[in-house]
Amino acid sequence: MADSRQDLRAVLEAEDGRSVLVVERRQREAQVAFESMLAIAEPRGQVACASRVNGRERIDFRSGGRVAFASMAGRGGRGFSADVLVLDPSVLGRPDRLADLLACLATSSESQVWLSAGPIEMPIVAGISAP
């Protein structure tokens, strides 16, 4: 995710208590996104904990929100639940992986999907309807 405005928007979502999952094509790209968002979040004083464990990077906020990072090469978001899913556009070419990732939104009443290039509103995604 190279857009600092989108990084800030993801941080603001997490500060508001939402769960954000950022999925990049490669693990290195996920690590770069983690460092970028951490650089935005830390000066704001709302970070409760930041984990740099390789392949499980995560920023937890005092509000209970979080930003987790995954790559298509790794677990790719399996086992996560999220309110906001931020996807590298390359994911769109992998329908099998996209279906797995959209399942992360199943428990959210206000789910959103963004492409790294910019936000996309998706009121109905794979049978999951937003209010």
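## Basis of the description

Two residues are said to be in contact, or to touch, when heavy atoms of the two lie within 4.5 Å. With that criterion, serine 111 touches Asp83 and Leu105 once residues up to four places away in sequence are not counted.

This is a predicted model, in which local features need a pLDDT of at least 70 and side-chain atom pairs count only at pLDDT 80 or more, while totals for chains, interfaces and linings use all residues. Residues are numbered from 1 along each chain as its sequence is written, and side-chain values use heavy atoms, with hydrogens and water left out.

## Overall organisation

The protein has three helices and nine strands, where helices (H or I, at least four residues) and strands (E, at least two) are DSSP runs numbered from the N terminus. Along the sequence these elements follow the pattern α-β-α-β-β-β-β-α-β-β-β-β.

Of the 131 residues of the protein, 46% count as buried; buried means under 20% relative accessible area, exposed means over 50%, and partly exposed lies in between (1.4 Å probe, protein chains only). Among contacts between residues at least 6 apart in sequence, 59% join residues at least 24 apart.

## Helix α1 and its surroundings

Helix α1 covers residues 4–15, twelve residues in number, and reaches 16 Å from its first C-alpha to its last, close to the 16 Å expected at 1.5 Å a residue; the expected span is 1.5 Å times one less than the number of residues. The buried residues of α1 are Gln6, Asp7, Ala10, Val11, Glu13, Ala14 and Glu15. Just after the helix, glycine 17 takes a positive phi of about 95°.

Glutamate 13, found in helix α1, counts as buried because its relative accessibility is 12%. Leaving aside neighbours within four places in sequence, glutamate 13 is in contact with Arg18, Val20, Val84, Gln112 and Trp114.

## Packing of α1 against α2

Two packed helices are described by the angle between their axes and the distance between the axes. Helix α1 packs with helix α2 (residues 27–41) at an angle of about 65°, and their axes are 9 Å apart; the axes are lines fitted to C-alpha atoms, for helices over the stretch in contact, with angles running from 0 to 180 degrees between N-to-C directions. The helices α1 and α2 are therefore roughly perpendicular to each other, on a scale where angles under 35 degrees count as roughly parallel, over 145 as roughly antiparallel, 65 to 115 as roughly perpendicular and the rest as oblique.

The crossing of α1 and α2 is right-handed, and the contact is made by Ser4, Asp7, Leu8, Ala10 and Val11 of α1 together with Ser36, Met37, Ile40 and Ala41 of α2. A crossing is called right-handed if the near helix is turned clockwise from the far one by less than a right angle, and left-handed if anticlockwise.

Cysteine 49 and serine 51 provide two views of strand β2. Cysteine 49 is partly exposed, with a relative accessible area of 41%, and, neighbours within four places in sequence aside, is in contact with Arg58, Ile59 and Asp60. The C-alpha atoms of cysteine 49 and arginine 62, which are 13 residues apart along the chain, are separated by 8.5 Å.

Serine 51 counts as partly exposed at 23% relative accessibility, and touches Phe34, Arg56, Glu57 and Arg58 when residues up to four places away in sequence are not counted. Its C-alpha atom is separated by 9.6 Å from that of phenylalanine 34, 17 residues apart along the chain. In the loop between β2 (47–51) and β3 (58–61) lies valine 53, which is partly exposed with a relative accessible area of 48%; the C-alpha atoms of valine 53 and glutamine 31, 22 residues apart along the chain, are separated by 9.9 Å.

## Two loop serines

Serine 63 has its place in the loop between β3 and β4 (66–71), and at 40% relative accessibility serine 63 counts as partly exposed. Apart from neighbours within four places in sequence, serine 63 is in contact with Ala14, Glu15, Asp16 and Gly17. The C-alpha atoms of serine 63 and glutamate 15 are separated by 5.9 Å, although the two residues are 48 apart along the chain.

Serine 111 lies in the loop between α3 (95–102) and β6 (112–115) and is buried, with a relative accessible area of 10%.

## Cysteines

The structure holds zero disulfides, a disulfide being a pair of cysteine sulfur atoms within 2.5 Å. Cysteine 104 counts as buried at 3% relative accessibility, whereas cysteine 49 is partly exposed.
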